[in-house]
Amino acid sequence: MDPNASPRKMRILSYVMTRIPSFKRRQLQELENERLHQPSALPETYTELSQRESYTEMAERVAHLTEDDILANIRAVVVEVSQIRSVIKTLGERPDPETVEMARSRYAEAESPFAVQFDEITLSEQEMEVVEKRKRAAKREMQMYRALISLDEMHETYSKLLVVAERRLNKLYDTSKAAGKLSKIDKKVSSMLPTIAEEVKEEMADILEDALMNGVERIDLSYRQLPFVPEAFGKLRTLVSLDLSSNKLSALPDSLAGLAMLEELNVSTNLFESLPESIGALQLLKILNVSSNKLTSLPDGICKCRSLVQFDASLNKIGNLPANIGYELVTLRKLLMPLNKLRCLPTSIGEMTSLQILDVHFNELKGLPYSIGKLTKLVVLNVSSNFNDLTCLPDTIGNLTNLRELDICNNQIQELPVTFGRLENLTRLSVEHNPLEVPPPEVVAEGVEAVKVYMSKRLYDLIVEEEQMMISEREEQAEAGWFMSLFFGPVSGPGSSYPYLTHRL
């Protein structure tokens, strides 16, 4: 990423930056210091941040503060935490790691000057015009990738700031208590928790009242630390979109089945271990996001959500899909199931005739069903990173004539299906980290078109070989028939075969 790039040249980032509260330079420096002293890790597994000040040192410093000073400090940090959470919410949903990694890779590829390859070539004016258009297109593409990468980096920065601020709050409270300064105000600080809970209840009550009075269609309750959803939400008959992501929910009330007009439901990044069967009552639901939970299976009731167009269940522990899911969700266009524990896909998946994107990377798939060849509208298929489990692809994959992107990286595939050459619209193929023998590495290195040509020729050669075998076999049968007729005479009946030879024809 270009550190000198001006945010003013990127409209999306410029807008986001104007919405972000300012933070003191000290806070950003503290974050940088912490980053330099700790290994990289996922947010869920952060190691303890480096200690800038021991508890003893802080306790000694806090001992000289008055109770009002302590409360003021605590309130200041609470405001800081609130500001950072507001920033994260303003940034919107964080891009998924795979998309960011792809953007980084393509940005790196596009970063080299486009015109280098034309420096030593004399081009006509028409050719130069084509080159300039491609250069402008490449520049726009780089700007998009840069914006996406920047957005992810901002999410990372403010997420770490949030961790630092929350720990500073806890540390300040604990050391103040250890220094004996909270004897009189301990109850006041402790009472903040039920007060916050009451505030949440009041906020929920206000939202419900407003929704019932005014027929609200969209409600966003993300990033509220909600432990539950009130049953009264089921009375919001006009609700079209409900966002409950990034909370502490472990269950949905059955009353949600009453949301007859609901089209979008986001319950990602919560603590769900299961979904209620009543979810099937949401007949108009088009977009469902249950990613980043603890789901081990999906209820059969989800098959009744027949209006679903997009379903994201990534980053769970799902071991299998309902057997009839394909027969019911025939309008589904996008199915995202990466980072689960799927061992197989149901045969019924071939009935999802509207499906355009199927992502099942990072699972435990041992193969794909032959019925996958029925997905003639499929544009993107990602079965990468199933590692030792996935060893081959079915020949029916050649029927996916609209397929444009295929990713089979990090598997144990030795040979592409003989029908591979039929994928006439395929423009992007990733086969890295497979013990691939057919086609050979030198063909793969030439690109996807070379692979299609090689596999088409291979199919042609196999067909010719099979026809030659059939001709030879018929000639042998004819000779055997002539020889047998010398002893037994011609055999009556349909055809010229003998009873004991019919199984060869």
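These exercises work through a predicted model of one protein chain.

**Exercise 1. The chain as a whole**

Task: State how many helices and strands the chain has, and what share of its residues is buried.

Solution. 
- Start with secondary structure. The protein chain has 11 helices and 10 strands.
- Move to burial. Of the 505 residues, 40% are buried.
- Then take the surface. The chain exposes about 29,200 Å², and carbon and sulfur atoms supply 53% of that area.
- End with contact range. Consider contacts between residues at least 6 apart in sequence: 44% of them join residues at least 24 apart.

**Exercise 2. The aromatic pair**

Task: Classify the geometry of Phe 362 and Phe 387 from their ring centres and planes.

Solution. 
- A pair of aromatic rings is described by the distance of the centres and the angle of the planes.
- Count the pairs. The structure holds one aromatic pair.
- The ring centres of Phe 362 and Phe 387 are 5.5 Å apart, and the planes meet at 65°.
- Apply the cut-offs. Centres must lie within 6.5 Å, and planes over 60 degrees apart count as edge-to-face. The pair of Phe 362 and Phe 387 is therefore edge-to-face.
- Phe 362 sits in the loop between strand S7 (357–359) and strand S8 (380–382). Phe 387 sits in the loop between S8 and strand S9 (405–407).

**Exercise 3. A nonpolar patch**

Task: Name the residues of the nonpolar surface patch and check the accessibility of Leu 315, Phe 362 and Phe 387.

Solution. 
- List the members. Leu 315, Leu 339, Phe 362 and Phe 387 form a nonpolar surface patch of about 350 Å².
- Recall the threshold. Patch residues need over 30% relative accessible area.
- Check Leu 315. Its relative accessibility is 43%, so Leu 315 is partly exposed. This residue lies in the loop between strand S5 (310–312) and helix H9 (325–328).
- Phe 362 reaches 40% and is partly exposed. Phe 387 reaches 38% and is also partly exposed.

**Exercise 4. A loop residue**

Task: Decide whether Ile 279 is buried or exposed, then list its contacts.

Solution. 
- Locate the residue. Ile 279 is in the loop between strand S3 (264–266) and strand S4 (287–289).
- Compare with the cut-off. Buried means under 20% relative accessible area. Ile 279 has 4%, so Ile 279 is buried.
- List the neighbours. Leaving out residues up to four places away in sequence, Ile 279 touches Leu 288, Pro 299, Gly 301, Ile 302 and Cys 305.

Notes:
Residues are numbered from 1 along each chain as its sequence is written. This is a predicted model: local features need pLDDT of at least 70, side-chain atom pairs count only at pLDDT 80 or more; totals for chains, interfaces and linings use all residues. Side-chain values use heavy atoms; hydrogens and water are left out. Patches are made of residues with over 30% relative accessible area and no salt bridge: like charges are joined within 9 Å, nonpolar side chains (Val, Leu, Ile, Met, Phe, Trp, Tyr) within 5 Å. Accessible areas come from the Shrake-Rupley method with a 1.4 Å probe; for residues, only the protein chains shown count as cover. A salt bridge is a side-chain nitrogen of Lys or Arg within 4 Å of a carboxyl oxygen of Asp or Glu. Helices (H or I, at least four residues) and strands (E, at least two) are DSSP runs, numbered from the N terminus. Buried means under 20% relative accessible area, exposed over 50%, partly exposed in between (1.4 Å probe, protein chains only). Rings of Phe, Tyr and Trp (its six-membered ring) pair if their centres lie within 6.5 Å; planes under 30 degrees apart count as stacked, over 60 as edge-to-face and the rest as tilted. Contact means heavy atoms within 4.5 Å.
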